[in-house]
Amino acid sequence: MNVSVGLVGRLGALAALAAVVVLLPAALSNFHTYQFAFVGIYFIAIVGLNVLTGYSGQISLGQGAFMAIGAYTTTILSVDHGVGVYWTIPVAGILTGLIGFAFGFPALRLTGVYLALATFALAIAVGLMAKSFDGLTGGGGGKSLHLPSSPIGGVAWQVWLYYLTWAIAAALLAAAWLILRGEFGRSLRALRDAPIAATSFGISLARFKTLAFAIAAFYAGIAGSLFAITVAYVNPDTFPVALSILLLTGAVLGGLGSLLGMVFGALFIEFAPLYAEKLNNSAPTVIYGLILLAVLFLMPEGAAGLIKKANRALKRASRRE
Amino acid sequence: MASFFQYVVVGLSNGGIYATLALALVLIHRATGIVNFAQGEMGMFATYLAWSLIYTAGITYWLSFSLTLALAFLGGMFVYLAIIRPFSHRSELTVVMVTIALLVILNGAAGWIWSPQQKFFESPFPLSVLSVRGVVMSAQDLGVIAVSAACALIVWLLFRFTRIGLQLRASALGPATSRLLGIRVTLMLGIGWGLAAMLSAVSGMMAAPVVVLTPSFMLIVLTYAFAAAVLGGIDSPFGAVAGAYILGVGISLLSGYVHQIGPELQLPVALGVLLLVLMVRPNGLFGHPIVRRV
């Protein structure tokens with residue numbers, strides 16, 4: 001009975017969230033709607049990161065680098081090869097997923113900290129590579145895309161991009177939930193918590209960890225593609241190391257191992273820099289760092305963990321009555 | 001042939017900068033089992049302190065250098081005792097996240113205090129050039145090679161021949177046993193972090209005249225140091241230093257002879273080589289495989 005109560009609660013939260021997402025543009029100016037489109041993009045990126053870090057326990061500092069690959073795929077295909085910009089979204093996701101899969105092979109040798117190192121190097125290397133292959137990427141000057149206009153009359157382009165992003169985010173959230181609730185998710189968690197026992201039960205460590213890596217990269221590729229479409233411009237500095245760090249921070253803040261918690265993480269990634277910048281130009285980074293440290297110390301399970309705790313406390317209180 | 005030796009000297013100089021930081025990473029990893037992502041930023045912050053001592057307080061270079069090392073030692077101990085130790089019983093993921101938070105904080109703080117604009121940082125070595133049988137070497141490169149080699153030697157002597165070195169090694173290997181034998185393990189680990197911070201400070205002050213001083217100038221050095229440490233085996237101080245020199249010389253030769261590899265591609269190439277090495281020898285060239293029994 002307890003399980004179904006939890007499920008009903010979660011479905012309720014999901015329905016409330018869906019309603020907020022659908023109705024939000026009506027309450028906001030076009031500019032703010034545009035900002036919330038970025039929240040959707042970051043949400044996609046950290047849901048993918050959560051599959052890797054939250055469920056399979058591998059630390060990745062390369063999510064921003066994979067976003068860059070997705071963004072460049074979209075840009076190059078649509079600007080240089082005339083492919084319709086929306087068709088490039090799945091292509092970017094799949095290509096980035098394949099690259100993630102290929103990177104996952106050597107990365108498998110790298111448990112825990114080593115993987116963090118390798119992905120950190122990837123995050124630093126990707127911008128430099130974009131700069132040096134300037135025939136393909138446009139070098140340091142970057143490349144501009146056409147800002148898509150809304151196909152529906154009377155709808156502003158910001159609102160159109162917002163709904164496009166969140167529709168894809170919803171589909172990918174559902175996909176992540178389906179993947180993780182079944183055998184795949186169980187195997188990942190088993191490998192995370194007890195690698196030796198899980199391997200003894202016949203779960204292939206190599207296969208599942210590489211797949212988790214590929215899934216995270218796929219999500220990042222889609223997010224990067226949407227980012228390129230939404231900003232309509234990409235250059236090597238669009239996806240700095242700081243973005244990869246911020247994505248990991250957002251995932252930890254939202255609560256690793258909780259998909260819905262990622263909404264808080266995505267809100268933090270989009271809005272924390274904007275508010276902190278008002279204080280001082282260099283202060284934002286100090287403030288994230290301090291927030292991250294405080295979260296790690298005080299609420300290791302992030303926002304999602306905090307809500308869970310509050311829920312339990314409420315239940316205990318209601319039982320007493 | 002002359003150009004070959006020139007590339008080697010430049011490579012050894014760069015390798016020395018990586019080696020000093022890689023040594024710091026390995027010290028921390030052996031002592032506390034942590035890979036410290038903030039190691040480069042600790043060096044960066046120390047370099048800014050040195051900058052202030054030289055250009056704001058007007059103190060001579062080598063006195064500022066020594067003062068900075070002392071401050072770095074205290075700072076490293078403080079970081080361990082105040083920030084890392086409270087998380088010591090948490091999971092590996094949490095501790096790595098803490099060092100990333102530290103990276104972000106130090107990077108932001110440096111930009112806040114000293115502004116993110118580029119700064120000139122002087123080299124202690126003369127601008128002159130030496131020529132030995134047609135091989136042209138800059139005094140700068142030779143100086144960096146000497147300083148980094150001296151650092152590696154001092155660390156080795158300290159750990160191998162002194163009482164405190166023995167206590168440091170014992171605390172890293174068996175903290176519980178060491179504590180029972182009367183070693184103050186917490187203090188020793190703090191000293192280990194202090195030493196690592198000093199090494200990062202040296203690396204930063206050697207790198208700053210070559211690169212320019214900005215809050216992010218150590219990130220690339222850190223990446224090379226990681227690569228060197230992984231290449232040599234992250235538990236082997238000798239391996240980390242050797243890995244750094246191999247990496248430095250290898251990249252210098254590669255970009256000297258293969259003209260397609262510009263300055264921007266050096267790091268991606270190094271990363272590619274690193275991944276290849278790891279596929280063949282996952283524990284690095286000089287590391288020991290970890291045997292696990294079920």
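Before the first stop, a word on the angles quoted here: axes are lines fitted to C-alpha atoms, for helices over the stretch in contact, and angles run from 0 to 180 degrees between N-to-C directions. Keep in mind, too, that this is a predicted model.

**Stop 1: a helix pair in chain B**

Select residues 2–32 of chain B, which is helix H1, and residues 139–161 of chain B, which is helix H5. Their axes come within 8 Å and cross at roughly 35°. Which way does the crossing go, left-handed or right-handed? H1(B) passes H5(B) in a left-handed crossing.

**Stop 2: another pair in chain B**

Next, select helix H2 (residues 39–56) and helix H9 (residues 217–232), both of chain B. Here the axes come within 8 Å and cross at roughly 140°. Angles over 145 degrees would count as roughly antiparallel, so H2(B) and H9(B) are oblique to each other. The crossing of H2(B) past H9(B) is right-handed.

For the contact itself, pick Gln39(B), Gly40(B), Glu41(B), Gly43(B) and Met44(B) from H2(B). Their partners on H9(B) are Phe217(B), Met218(B), Leu219(B), Val221(B) and Leu222(B). By class, the contact of H2(B) with H9(B) has six nonpolar residues, three polar and one charged.

**Stop 3: a loop residue in chain B**

Zoom in on Ser115(B), in the loop between helix H4 (92–114) and strand E1 (129–132) of chain B. What is the phi of Ser115(B)? It is positive, about 70°, although Ser115(B) is not a glycine. For context, most residues other than glycine have a negative phi. Ser115(B) has 13 C-beta neighbours inside 10 Å, so it counts as partly exposed.

**Stop 4: over to chain A**

You'll find 14 helices and two strands in chain A. The radius of gyration of chain A is 20 Å, close to the 20 Å that the globule rule gives for 321 residues, so chain A is as compact as a globular protein of that length. Along the principal axes, its C-alpha atoms fill a box of roughly 65 × 50 × 40 Å. Buried residues account for 49% of the 321 in chain A. Of the contacts in chain A between residues at least 6 apart in sequence, 78% join residues at least 24 apart.

Then click on Ala232(A), in the loop between helix H10 (205–231) and strand E2 (233–234) of chain A. Its phi is near 65°, a positive value in a residue other than glycine. Ala232(A) counts as partly exposed because it has 16 C-beta neighbours inside 10 Å.

**Stop 5: where the chains meet**

Bring chain B back. In total, 40 residues of chain A are in contact with 36 residues of chain B. On the chain A side, helix H5 (113–132), helix H9 (195–200), helix H11 (241–254) and helix H13 (283–298) each give two or more residues. Which element gives the largest share? That is H5(A), with 14 residues. Colour this side of chain A by class to finish: 30 residues are nonpolar, eight polar and two charged.

How values were computed: Residues numbered from 1 in each chain as written. Chains lettered and ligands numbered in written order. Predicted model: local features only at pLDDT ≥ 70, side-chain atom pairs only at ≥ 80, totals over all residues. Helix = DSSP H or I, 4+ residues; strand = E, 2+ residues; numbered from the N terminus. Rg over C-alpha atoms; globule rule 2.2 N^0.38 Å. Buried ≥ 20, exposed ≤ 12 C-beta atoms within 10 Å, placed from the backbone. Contact = placed C-beta atoms within 7 Å. Parallel < 35°, antiparallel > 145°, perpendicular 65-115°, else oblique. Left-handed = near helix turned anticlockwise from the far one by under 90°. Nonpolar A, V, L, I, M, F, W, Y, C, P; charged D, E, K, R; others polar.
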